[in-house]
Amino acid sequence: GGTRGSAHPDKQPLTGEAWLRVVDVFADGVLGAVRDDGVSKEALQAPPFALRERDLSALMQAGMLTGRGVDQFNFAIPGAGAFVKSLTKGRQEVIGMLKRARYQELLRSDLLKRKLRYSKLSMEYVVEDMVGAQLVEVVDTSS
């Protein structure tokens, strides 16, 4: 017979200290050293990173790496897609509000009192983002 009761160590999910080690190697080592948007499996498994197959699987499950062809990975930021979608929807809503306003102008205080219907972000965040990105113009008023 075979062994009973214990799976191969590389098949066990990463937890605790092992997971923290992988995240440290990835965040401090890989992201600090690689100046591209992706990296090869060979580079990740070689020194100084020495990540194992299960380490790479754990990083993929966490959304920090995505597959790009055979033995190639792209770096990813978990949740970035949802954030960008929410920001875009918020910007579109604010632009719609401005287009419907008289002279396409609104007082900032009036705008900030409104609620966004299609974005999870706050109105204040979206307005400040649009000001910073120069998508809207701020005009000082005497009032």
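Analyst: P48 sits in the loop between α2 and α3; helices (H or I, at least four residues) and strands (E, at least two) are DSSP runs numbered from the N terminus. The model is predicted, with local features needing pLDDT of at least 70 and side-chain atom pairs counting only at pLDDT 80 or more, while totals for chains, interfaces and linings use all residues. Residues are numbered from 1 along each chain as its sequence is written, and side-chain values use heavy atoms, leaving out hydrogens and water.

The peptide bond joining P47 and P48 is cis, with omega about 10°. Most peptide bonds are trans, and most residues other than glycine have a negative phi.

D71 is not a glycine, yet its phi is positive, about 60°. D71 belongs to the loop between β2 and β3 and is partly exposed because its relative accessibility is 44%; buried means under 20% relative accessible area, exposed over 50%, and partly exposed in between (1.4 Å probe, protein chains only). Beyond its neighbours within four places in sequence, D71 touches S40 and K41, where contact means heavy atoms within 4.5 Å. L14 is 57 residues from D71 in sequence, with 21 Å between their C-alpha atoms.

Y103, in the loop between α4 and α5, also has a positive phi, near 60°, without being a glycine. Y103 counts as exposed because its relative accessibility is 65%.

In α1 (residues 16-33), V22, V25, F26 and V30 are buried, and their cover includes α2 (41-45), α3 (53-61), β2 (65-67) and β3 (72-75). The 18 residues of α1 reach 25 Å from first C-alpha to last, close to the 26 Å expected; the expected span is 1.5 Å times one less than the number of residues.

Helix α4 (residues 80-100) includes F83. Its 21 residues should span 30 Å, and its end C-alpha atoms are 30 Å apart, which agrees. Among the buried residues of α4 are S86, L87, G90 and E93, and the buried residues of this helix pack against α5 (108-113) and α6 (123-132). F83, by contrast, is partly exposed, at 35% relative accessible area.
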